[in-house]
Amino acid sequence: MANGIVTGNREAFFSTIRQNIKTPPGGKAPRVENPMDGLFTQRETTVEDRRELRERFIQEWTTLGGKAFNIKDRVELAQAIKQIIQERQLQKAMCWDHPELEKLKLEEIFSDTQASLSRWPLEKNYSDWIGKAASMEAGIVWSDIAMAETGTLVLPSSSPGQPTTVCVLPITLIAIFTTAQLVDGFTGVVKLFKERYGTNLPTTTTFISGPSRTTDIEMVLTIGVHGSRYVYALILDEA
Amino acid sequence: MHIEPSFHKRYHKALRDTAMLKAVKNGTGRLRGQRATAIEGVGADRWMEFRNRAEAIRLHVIQHLDQYLEQLVDNVIKNGGHVCLAKTGEEAVQYIAELAKKKNAKTILKSKSMVSEEIHLNPALEQQGCNVIESDLGEWIIQLAGETPSHIIAPAMHKNRFQVADLFNAVSEEKVSTEIADLCGFARKYLREKFLGIDIGITGCNFALADSGAITLCTNEGNARIISTLAPTLVTIMGMERILPGLEELTVMLSLLARSATGQKLTVYNTLSTGVRNPEELDGPQEFHLVIVDNGRSKQLGTKYEKILNCIRCGSCLNACPVYRNIGGHAYGWVYPGPIGAVLSPLYQGMDKYGELAYATTLCGACTFACPVKIPLHDMLYALRNDKVELEKTGGLVEDMTYKGWSAAFASMSRYRFSIGMARRFQFPLVKAEKIAYGPPPISDWLKHRDMPALPKKFFHEIWREMKNDGKE
Ligand code: SF4
């Protein structure tokens with residue numbers, strides 16, 4: 001990718017800053033090494049631990065206004081998806097092109113219902129896909145990481161098949177993942193991010209904790225003002 | 001909206017607006033309660049640890065601001081984004097206005113950016129024919145009302161549902177009811193159409209990460225990420241202090257920000273974006289511009305007010321402040337209200353214009369206690385008062401003599417007793433209902449805004465002495 005351009009007098013901008021920064025008596029404040037230490041839960045989890053984390057995730061997620069399903073096998077997965085299609089009266093859904101979703105053969109499940117499922121990319125050109133994406137009633141994504149303590153999905157769009165649009169535009173969001181994706185909280189996320197990306201982060205990473213909300217009118221909590229109003233987490237057993 | 005130049009007039013106007021005051025009391029009360037519950041959940045000790053850590057992180061960043069900003073700039077351009085280094089608000093506005101012209105932009109959607117309010121970006125873009133739309137619900141409401149935000153995180157806190165319905169009905173073809181759910185539903189529908197026709201998106205910046213060049217956007221509504229996903233050209237405006245070394249520091253700040261602002265464990269949507277999309281990607285911006293704004297910030301470095309740059313704009317100090325809770329945000333006059341505004345406005349905009357705000361405090365310290373990054377706000381307000389006095393030496397001869405006389409009278413016990421005796425004797429024509437109601441200047445000025453109790457016939461210590469003497473007899 002071509003480098004961008006800097007506008008404005010860089011030299012002057014920074015020399016003002018450098019001139020004004022003074023070293024206080026005792027020296028400048030040192031960098032905080034390991035800033036997360038002791039603030040967040042920090043552990044390696046076993047399969048058993050992650051089953052407990054699932055309970056915690058579900059508790060947080062439902063408190064936030066989401067719905068969660070605990071799923072043992074493919075039959076239950078199909079049931080859950082059909083229930084959501086029914087509940088939301090879905091006609092059109094789109095999903096990420098993700099190897100894990102591919103394994104679940106969602107198209108098969110949808111073929112049995114009133115709703116259609118399109119996989120990203122919907123079209124090649126902006127002017128074509130934007131209209132299609134805007135008409136979608138649900139988006140299905142794979143949650144690469146999920147944080148139990150806050151009920152948060154972590155969605156790095158690390159390949160072109162996993163665009164933010166799918167979880168941004170539709171009023172219903174369905175996130176699928178297994179218990180293997182569950183971590184306690186930020187410590188687990190940062191560890192995985194360091195391993196996977198270093199400082200070369202994906203174009204977008206979204207942390208989603210529940211449905212879109214606002215309290216801008218009279219401080220009354222209202223759900224779904226811009227983002228998803230209905231959010232579902234489908235958590236499969238990792239076995 | 002016309003803004004009175006004098007703080008005195010502004011707060012008097014606010015005190016008459018009972019609907020606004022009620023809404024602000026209700027809003028701040030709720031936010032305070034939610035924050036308290038969230039802290040309880042974390043535990044007081046761990047919360048303190050969080051604050052200590054956050055303070056240390058911010059202190060380090062600000063004292064090494066040049067290094068981190070240089071790193072950020074290098075990474076953003078490496079990621080394919082452009083950077084504008086704006087020393088003044090005008091430079092930032094000019095850059096964005098030129099970009100809008102170059103792109104022939106008609107529809108510009110914004111997510112909340114206090115810096116853009118600070119530099120008066122919207123009017124400049126509107127002047128050249130752009131349709132600029134605020135997409136945060138609260139910001140949109142006040143945009144329709146032609147007002148400025150009254151709270152950092154709840155900009156339309158002062159409006160009730162009936163006022164909002166009137167504003168919406170002015171732009172809606174169909175009648176919108178006063179039900180809050182309907183009002184939000186209308187906003188979703190109306191703004192969704194605008195999102196789909198977006199030419200340029202403009203966002204604020206909660207935190208930039210130096211080591212990756214990523215920008216973090218935090219919204220509960222999801223408007224910022226719709227913009228950063230759909231806008232072909234994305235502009236992010238950041239105050240130059242809104243920077244962190246990397247992801248680890250960010251996790252600490254996000255945990256504090258949400259809890260301090262609204263009592264949530266995390267904001268619903270935290271989006272990290274490195275700007276320009278990869279060639280194979282279909283969504284995300286094709287062009288990204290990061291506008292880094294100084295506009296008075298670098299002047300605070302190395303001064304006793306340096307720590308004000310640690311602020312993460314959570315709004316917690318507003319909710320804690322008894323003055324803010326009783327006058328609302330508009331009385332502060334500039335874009336930042338409450339204790340943080342009372343410090344920032346005079347520092348960024350000048351003592352002559354906003355120096356009076358140093359008195360918009362009871363110096364109770366509630367703001368300092370509420371601040372997640374431990375900015376000593378009330379100490380700064382006190383220091384600003386001193387600066388103001390120093391700067392103006394306002395009183396001139398009369399005030400000078402009054403204070404000199406005062407200090408002479410109080411320095412010795414006999415002179416003190418004598419003065420009190422005289423004052424008691426001569427106060428009677430000025431007293432009404434046990435208060436001093438009249439007086440010559442400068443006392444008359446002082447009495448306009450404050451009650452001064454009349455001197456009692458006897459002080460407590462005099463009664464005490466008499467009682468003790470009685471006992472002896
Ligand atoms: S000064 Fe502190 S409490 Fe006030 S807005 Fe800034 S970070 Fe929040």
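The following paragraphs describe a predicted model, taking its two chains, its ligand and one residue in turn. Residues are numbered from 1 along each chain as its sequence is written, chains are lettered from A and ligands numbered from 1 in the order in which they are written, and side-chain values use heavy atoms, with hydrogens and water left out. Local features need pLDDT of at least 70 and side-chain atom pairs count only at pLDDT 80 or more, while totals for chains, interfaces and linings use all residues.

Chain A contains 8 helices and 13 strands, where helices (H or I, at least four residues) and strands (E, at least two) are DSSP runs numbered from the N terminus. Its C-alpha atoms occupy a box of roughly 70 × 50 × 45 Å along the principal axes. Of the 239 residues in chain A, 54% are buried, that is, under 20% relative accessible area with a 1.4 Å probe and protein chains only. Contacts (heavy atoms within 4.5 Å) between residues at least 6 apart in the sequence of chain A join residues at least 24 apart in 76% of cases.

The secondary structure of chain B comprises 22 helices and 12 strands. The box filled by the C-alpha atoms of chain B, again along the principal axes, is roughly 100 × 55 × 45 Å. Chain B has 473 residues, 58% of them buried. Among its contacts between residues at least 6 apart in sequence, 72% link residues at least 24 apart.

Chain A carries 26 positive and 29 negative side chains, with the centres of the two sets 5 Å apart. In chain B, the mean positions of 58 positive and 52 negative charges are 7 Å apart. Lys and Arg count as positive and Asp and Glu as negative, without His or the chain ends, and each charge is placed at NZ of Lys, CZ of Arg, CG of Asp or CD of Glu.

The ligand is surrounded by 13 residues, each with a heavy atom within 4 Å of it. The closest are B:Cys311, B:Cys314, B:Gly315, B:Cys317 and B:Cys371.

Finally, B:Asn122 belongs to helix H7 (residues 121-127) of chain B. B:Asn122 is buried, because its relative accessible area is 12%. Leaving aside residues up to four places away in sequence, B:Asn122 touches B:Lys110, B:Val132, B:Glu134 and B:Gln143.

Conventions:
Buried < 20%, exposed > 50% of the residue type's maximum accessible area, 1.4 Å probe, protein only.
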